[in-house]
Amino acid sequence: MDMKRDYYEDVQVFTSKVIVFWLGVLILALAIFPFVAKNYYVYVANYMAINVIVVVGLNLLVGYTGQISMGHAGFFAIGAYGTITLMTQAHFPFLLALPCAGLVAALFGFLLGLPALRLEGPYLAIATLGFGITTTQIIGKIKIFGERQGLHAPDLTIGPWHIQTDKDFYFVLIPITILLVLLARNIVKTKVGRAFISIRDADIAAETMGVNLTFYKTLAFAVSAFYAGVGGGLYAFVLRFIEPELFNMFMSIMFLTMAVVGGLGSMMGPVGGACLLGLLDLQLRNILEIPYFGQWIKALSESYFTMTGVSNIQLIVFGLILILIMLFEPLGIFGIWIRTKKYWKMWPF
Amino acid sequence: MAFFEVKDLSIQFGGLKALDGISFELEKGEVYAIIGPNGAGKTTLFNCINGIYQPRAGQIMFKDKNIRGKKPDKVAKAGIARTFQNIELFNNMNTMENIMLGRHLYMKTGLFRGAFLWGKNSFAGKEEVAHRKKVEEIIDFLDLQAARNKLVGGLPYGTQKQIELGRALALEPELLLLDEPCAGMNAEEKQDMIFWVKDIQDELGITILLIEHDMNMVMDISDRILALNFGRPITEGKPEDVQKHPEVLKAYLGEDEGECAA
Ligand SMILES: Nc1ncnc2c1ncn2[C@@H]1O[C@H](COP(=O)(O)OP(=O)(O)OP(=O)(O)O)[C@@H](O)[C@H]1O
Ligand SMILES: [Mg+2]
């Protein structure tokens with residue numbers, strides 16, 4: 001046995017100087033980005049960061065613990081409405097309102113986790129789907145949440161700093177995103193994460209090794225809901241206006257697609273999936289502006305898919321991507337990444 | 001009071017009496033084997049002890065406490081670990097992490113301290129290192145160094161069985177249930193397994209309840225044997241006596257001679 005083996009190597013975040021270097025480059029690039037990019041792309045980056053937060057949290061539940069949720073838009077809505085309401089009604093500062101709203105979402109996650117203990121596979125999918133739809137229905141009927149008219153986000157100040165533009169908000173959002181991804185990564189590497197994975201891989205064996213299934217499954221739901229809640233709270237300030245219709249079933253399915261496309265059960269995969277599909281989602285919304293092609297898509301959508309058509313092209317594309325990934329690359333982007341890495345290691349042989 | 005005792009245990013699946021009035025006692029430190037033909041109810045007995053199945057009647061006493069009806073994780077906490085007949089490993093974790101899960105009950109890092117794993121001197125960092133050292137000892141003991149950082153799903157069958165044993169040992173149990181530890185192994189792997197089981201008994205002082213079809217192994221390492229058939233006990237006693245029992249010969253050895261000789 002190697003007496004000098006450093007066991008911390010197994011769990012440390014930065015396994016080599018190369019990774020530290022690239023992380024430094026990434027952070028630098030993220031810091032410069034809003035100064036060189038057009039304002040619209042700063043908005044796009046903000047949108048992508050929100051998706052990263054939600055999808056990383058969703059992945060803790062779906063990818064690591066092996067439970068499904070098709071209702072994450074519900075937690076997302078709770079976070080968005082919670083943050084705004086805590087700020088306007090209870091006069092909480094933003095940086096307090098946000099985690100509090102996240103905790104409210106976590107509480108709902110815990111409650112949803114309880115019946116989920118008895119449900120598996122498709123039954124759990126239906127139950128969580130129902131939760132997502134019900135949540136937004138109820139929110140749309142409550143007066144302080146603005147009913148169907150929705151809510152405007154209040155002015156945002158952190159200490160003396162008045163946050164007005166997308167660029168300002170970018171500097172709030174990106175550090176929070178990086179922090180949350182790192183926390184998730186640490187959770188996965190330690191006791192709780194191992195318990196999650198053990199439940200996914202062999203729940204009976206996990207139980208006989210002392211893992212309390214009730215505790216860890218509900219915990220996974222709660223943590224995942226917390227991430228969605230925080231993401232929602234931040235989203236309210238990206239849009240500056242929220243209404244119940246935003247948080248529909250398709251949003252839940254979109255989050256799930258991002259996690260699957262990225263690669264369930266890896267940390268960086270879903271980050272990639274969230275960025276890529278987040279970008280795609282926004283770009284597809286503009287597709288109608290493309291000459292000829294846009295008109296053609298519109299006609300196609302109207303005659304074959306829905307009458308209101310137009311806006312739902314991204315749903316069709318997302319559905320298609322989901323099916324293709326399931327068929328050809330079940331490990332998602334993460335799987336492609338691993339194969340490319342192998343390929344380059346072997347190259348040119 | 002006995003160290004471990006099963007009293008009149010019965011369980012039924014539909015009309016099938018999988019276990020029907022099973023009773024036996026274990027003394028601390030012995031290796032006690034359970035034999036019987038396929039479908040005799042051996043694995044079902046383990047599942048009852050573990051709390052995976054809920055027996056219809058009877059008692060399971062461990063260190064003077066009735067553990068019947070307790071949930072599997074509580075049974076583990078009481079000090080009982082097991083391996084499975086059909087390997088139940090965490091396929092997408094490596095060997096180290098699989099065995100680390102056996103340390104679950106000894107670790108205190110929760111969600112928050114885990115999330116704040118900032119460096120070697122954080123609580124979570126120190127705890128991870130301490131328990132990995134412990135697991136490394138098990139990896140050395142079972143000769144698993146080569147598999148240490150590999151995902152277990154792709155490892156050979158015999159190695160997977162070893163890892164399962166390692167994971168159970170990491171729990172530091174007082175009673176260890178082994179469900180056919182040698183099944184599917186080649187002669188050399190079997191020899192190693194026999195050696196380890198003896199070591200676990202002698203050096204770690206762990207009491208072992210063993211299910212095994214390989215009669216050579218059973219005769220070699222068990223102190224006493226209980227033979228079952230159709231969920232009922234046939235006989236109990238020293239290996240040489242059980243081996244000669246006419247009903248055992250008829251119900252078990254006679255039918256499965258090929259398998260026993262293997
Ligand atoms: N969950 C269950 N539901 C229904 N029947 C079961 C269940 N578990 C076991 N049985 C039945 O109980 C009987 C005993 O099964 P068990 O697995 O305990 O046998 P075994 O002695 O371990 O056999 P083997 O040597 O093949 O492992 C069998 O007839 C089996 O079909
Ligand atoms: Mg069996």
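Two strands count as paired if DSSP finds at least two bridges between them. Helices (H or I, at least four residues) and strands (E, at least two) are DSSP runs, numbered from the N terminus. This is a predicted model, in which local features need pLDDT of at least 70 and side-chain atom pairs count only at pLDDT 80 or more, while totals for chains, interfaces and linings use all residues. Residues are numbered from 1 along each chain as its sequence is written, chains are lettered from A and ligands numbered from 1 in the order in which they are written, and side-chain values use heavy atoms, with hydrogens and water left out.

Start with the six-stranded sheet of chain B. Its order is β6-β7-β8-β3-β9-β10, and the sheet is open with mixed pairing. At its edges stand β6 (80–82) and β10 (232–237) of chain B, each pairing on one side only. Neighbouring strands are turned by 20 degrees against each other on average, direction ignored. Such angles run from 0 to 180 degrees between N-to-C directions, and the axes are lines fitted to C-alpha atoms, for helices over the stretch in contact.

Inside this sheet, β3 (residues 31–35) and β8 (residues 207–211) of chain B run parallel, joined by four bridges. B:Val31 has B:Ile208 in β8(B) as its bridge partner. Two helices pack on the sheet. Helix α1 (residues 42–50) of chain B touches β3, β6, β7 (175–179), β8 and β9 (224–229) of chain B. Its direction makes about 150 degrees with that of β7(B). Helix α6 (residues 157–170) of chain B touches β6 and β7 of chain B, at about 160 degrees to the direction of β7(B). Contact here means heavy atoms within 4.5 Å.

Four strands of chain B form an open, antiparallel sheet in the order β2-β1-β4-β5. β2 (16–26) and β5 (65–66) of chain B have a single partner strand each, so one side of each is left without a neighbour in the sheet. Seven bridges join β1 (residues 4–13) of chain B to β2(B).

Step back to the domains. An automatic or database assignment sets their bounds. In chain B, domain 1 covers 1–79 + 177–262, and domain 2 covers 89–172. Their C-alpha centres lie 27 Å apart. Between them, 16 residues of domain 1 are in contact with 12 residues of domain 2. The buried area is about 1,100 Å², with 78% from carbon and sulfur atoms. Buried area is the accessible area (1.4 Å probe) that two parts lose on being put together, summed over both.

Last comes the meeting of the two chains. Chain B gives 48 residues to the contact and chain A gives 36 residues. About 3,700 Å² is buried between chain B and chain A, of which carbon and sulfur atoms give 66%. B:His104, B:Leu111 and B:Leu117 supply 17% of the area that chain B buries against chain A, more than any other three residues. The rule finds one salt bridge across this interface. That term means a side-chain nitrogen of Lys or Arg within 4 Å of a carboxyl oxygen of Asp or Glu. B:Glu128 forms a salt bridge with A:Arg194, with the closest N and O atoms 2.8 Å apart.
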